[in-house]
Amino acid sequence: MSLFQEYLKPVTVEEAFDCLANASGSVAVIAGGTDLLLDIRQGRHARVDQLVDVSGISEMQEITLDDDYIHLGAAVTHKQVITNPLLQEHAQCVVEGCGLIGGPQVRNVATIGGNVAHALPAGDGTISLLVLDTEVRIASSEGIKCQPLIEIFTGPGKVTFDREKELVVGFRFAKKGPKEASAFHRVMRPQGVAIAILNIAAWVKLDKNGGLDNVRISCGPAGPKPFRALKTEAYLTGKSWDNTVYQKATNIIAQEVSLRTSPHRATKEYRHKLLPQLLKIVLDSAIERAKL
Amino acid sequence: MTTLTFSVNNKKQNIEIEAGEMLSDVLRYRLGLTGTKISCNESECGVCTVLVEGEPVLSCNYPALKAAGKHITTIEGLAKAEELHPLQEGFIKHGAVQCGFCTPGQIMTATALLDEKPNPTDKDIEYALNDTLCRCGTYPAIVNAIHAAADKINQDKPIEFPKYEFGGDLDVVGQVVARPEAQDKVTGKAVYTDDISFPGMLFGATLRAGIPHGRVKKLDISKAIKLAGVQSVLTAADIPGRVNHGLIIQDWPALIAVGEKARYVGDAVAIVAADTQEIARNALDLIEVEYEGLPIVTNPVDAKGDNAPRVHEEGNLLKHIKVDKGDINQGFKEAEVIFEDTYYTPSYEHAFMEPECSIARPLDDGQIEVYVGSQIPYADRDQVAAALDLPLEKVRVRGPLIGGGFGGKEDIVGQIHAALLAQVTGKPVKILYDRQESLLVHPKRHATQIKVKLGLKNDGTLTAAQTELYGDTGAYASLGAKVMGRATTHSTGPYIVPNVKIDCYAMYTNNPPSGAFRGFGALQAAFAIECLMDQVAEELKIDPIELRRKNALRKGAITNTGQHLTESVGLLECIEKTHQAMLTYTDGRDPFISREVEGEPNKRRSWGFAVTFKNTGLGEGAPDNASAEIELLPDGKVETRISSAEIGQGLVTVLQMVTAQELSLPLEQVKVYLSDTDLTPDGGPTTGSRQTYISGNAARFAAVTLKNTMLSTLAEKFNLPPEEIELKNGFAHANGNKISFAEVGELMREEGRDPKLVYDYKSPKTTPLGEAGDKHFAYSFAAQAIEVEVNLDTGEVRVVRAVGATDVGRAINPLGLQGQVEGGLIMGIGHALTEEFIVENGEIFTDTLSRYRMPSIKHLPDDIKVIIVEDPTTEGPYGGKGVGEISTMPVPPAIVNAIYNACGVRFNQIPIDQDWLALQLDKTPLNHEN
């Protein structure tokens, strides 16, 4: 069964735009294809005439550190993410999140850019990138724009940019400073769809007394799009992580998320039961790491 | 077309392909490298794994053009010349090969693992193979095989067969041997139906109703037939013979005619043959069908109601099955305590790794050949012949290897359709289901509701058992009446109960049909009775093992159907050995108390216990026979021929061993040829754990008869009494002469004795329910103890350890037996924790493998102990009886009982819903802490 008629493999971003601009008929960008090809095959995505494979574009494969930032190419595979020493050092939550996705066969081809562009509210890669205050670089024929990752999501599977004309080329986030660390965790259901019932990521910066100088928390599915728990973050900032603070934080996060019942996946009540547990697991873990 | 240049197994390839082809398509259909299998087409199962530049990828979802310029390694490229890769050898010797369909994917994934981590830990293996599924459940053997291969690669340590404590001391039977077809399965040479193609072959596709209940008002194929590349479009009106098929009751239309009803979403309305699969599927979109929607019934209890929509004109009751023993009222009067509860089991999907494929090929003499991986080749032949209105001998069913069955390949699916299209077009036609069609069409496991009421004395002695069962047989009968019959007779457990009353209703609904599935109704029944027995034990403050021991069937006992058990009742021994083995893990302490996991106060562990029994063979009056042909070939080898299915369980090995044993031949001198209705006599259905016993006996007696003929030939020649002639190590010894089998065969031919004979084996007679006499000629027994860990915060449940004993009569093929027990355990864990086939309002929710999750290697317990009890049955081959089904049956109740013991929450249904469990835990005090 032909899912597409033409398979193009540009090696530069410019070539990719040529492919997109010159497309006759429907066109879609593909990287690993682990989601897109299934979506086409199972009727969730219309059949396309042309696929533009961006996984061979070298500038989308970088993992580099400059003075302040880690640069992560969108075509970097999950396998590369989890085995890369820079990311193991500076982006523990992303390494953890990507390490839980699929088996080695999927991680060898699925890309971090694909995970983000798929825009699922509970994408493990996306949720973990969010707490690093990640910026996304999106290229179009007009040039490249850089914006906070959180801003590109508009709904389940929906993004602000035009997938047929624009391209996620990479991400950047601040390198890990002293007393900073991150962590990711999720709970799955053994039956049914292999998407997390709830996932969560946390990033912390400790003050010199071991208190929380700065905190970021993201989780999913906590609404129609990937979610940052800003109120909980604001509350936690400046606090020391003890049981009272934990109890208060769980109340705040429970109010600011929007958890719901998904048939054959999880009830709202169960997600509310998991949320404080996961919050504790990732904050405990991130704080432990930040102390090292 | 576009050109793809790449290298496969170190050979450069430059081929023309369509841009949209996946790597698996190119490897299989353009390069003929059919070792790479396609199972799910949705990145779920890992079966299609190949290496691209040394890294494992899923070739079914990897655009072929993405591989341009790259180097691909497939299973065919792994062995160096004639020398197997250590992983291939390890998989063979450790029994990690059963049906073999996932084997190439497992080995390729493991190859990449060993390249990256030459000495992997169990955790490394689990992480790497997490998404490479094996429905036979060979995971324990896979782990052992990978370790053995690593040791060979790193330390040059030879790979040995495992050693078992069972099997006895005969030369061949009971010894650990490799399955004869394993070498082909690990090298990619093994041929399954979709690996076959013929010149000029067409591809078929099937239009499904897509609605659960509706009358076809109009059916227009005129546009479809005009599509370029379409060769034929057929509807019910084109069926020359019998429209309906069915194994017992012919109520299932091969195609739904105008004016007739579709009764479930998978009913077929029209079939197409075209030059390519894509054209055939496109043609389906051009067929116009109008339905008059009808009200649906989707639950067997509702279906019994007076006003329920009728699935069939005669009503919704397929069969009311009854058992009466003693006086139920008197039994409850004698009871000092009475317990009652109702249990629910869902529908389950076989999810064999090989989706169904049928190829029909018309021959010049008017015969139609049908290639299909079928569990009942002769039934396929008869049903195809009836539909095509051909004499039986004009249809020949030939069985390639089968990638798993578990009961799901007993009914007709594409066989008749392919044959009809081949008959009309005069060309070979292949109908290959993708995973979604497989999930949609073939019969599933019966969902049941089972009410159990038990009366007991205060000391735990059962006085009465009354059960009421409802089984959802779906839209068509399939084997529903038999399955629910087995549920009926197993619903009071393997216990001595003087007074019994059972009513079972097998009901039609508008759900997909239900039929045979490992455990065959008895699995559902075991869940209900074994859960209630634990509740009883708790209420009566009796140890759950003691309660079972007190009531257990034993030699001399009478079953609920009045059968007097005179031998081979190993249940007490199973209970005892399982109990003792379990205690070694708890240092002799009570295994059923809840224990906190050290350092993890939110996790609790405990053990659960369950026992079960399962009949061997068809029973209840059904003639249960098999015929085997045996021939002494001119080269001195012996070939055994029978139409019985090798679905991964190891039948070929058993037949080879039995034949070799009786003729004192080395194993490699025995060939086995299966499932060809022109050349192999009928071994009967591969169902009811019957093949080792029935076909095993047929092969054994065929070999004995051949031996006797050989001996009388030699007796005459050497003028000796036959008893002074001996067959040993592949030779006959007479009067100091050593005569080869080839020479004996030549002598026989010279004397006009046919070195080929057929033995018709007839098993002991059984009688239908309600009549005097034995219902079954043998039963297997099992006890299972399982330790679970419950996360009190999240409700997550994990099986930590599993210890079980199974009475199989006699271990004939230990490596295969170990695999059957381990694989059955894994499937039982799946039924309890991961699987549920969900149908809502007649529509299938679990329509992909991503929604129907079978257990993966990560569900493998930390520790498995398999204990084999050998309490022989006189008539069985060397004392053997069935094992294929029983290993799954006690696992779900043992898990449910363990969960209760660990955290105090009792489930009356499976699978375990961790969501519900977690919320229940908030309301449940932990009342038995340690």
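## The sheet of chain B

In this predicted model, chain B holds an open sheet of five strands, arranged in the order E2-E1-E5-E3-E4 and with mixed pairing. Its edges are formed by strand E2 (11-17) and strand E4 (55-58) of chain B, each of which pairs on one side only. From one strand to the next, the twist averages 40°.

Within this sheet, strand E3 (residues 49-52) and strand E5 (residues 71-73) of chain B run antiparallel and are joined by two bridges. In this part of chain B, B:Val52 stands opposite B:Ile72, a residue of E5(B).

## Helices against the sheet

Helix H1 (residues 23-30) of chain B packs on the sheet, where it touches strand E1 (2-8), E2 and E3 of chain B, and its direction makes about 100° with that of E2(B). Helix H3 (residues 103-116) of chain B, for its part, lies across E3 and E4 of chain B and runs at about 35° to E3(B).

## Where the two chains meet

The contact between the chains takes 36 residues from chain A and 43 residues from chain B. On the side of chain A that touches chain B, the elements giving two or more residues are strand E1 (6-8), helix H2 (36-41), helix H6 (104-107) and helix H11 (268-291) of chain A. Of these, H11(A) gives the most, with five residues.

Sorted by class, the side of chain A that touches chain B has 16 nonpolar, 14 polar and six charged residues.

Methods
Residues numbered from 1 in each chain as written. Chains lettered and ligands numbered in written order. Predicted model: local features only at pLDDT ≥ 70, side-chain atom pairs only at ≥ 80, totals over all residues. Pairing = 2+ DSSP bridges. Helix = DSSP H or I, 4+ residues; strand = E, 2+ residues; numbered from the N terminus. Axes fitted to C-alpha atoms, helices over the stretch in contact; angles between N-to-C directions. Contact = placed C-beta atoms within 7 Å. Nonpolar A, V, L, I, M, F, W, Y, C, P; charged D, E, K, R; others polar.
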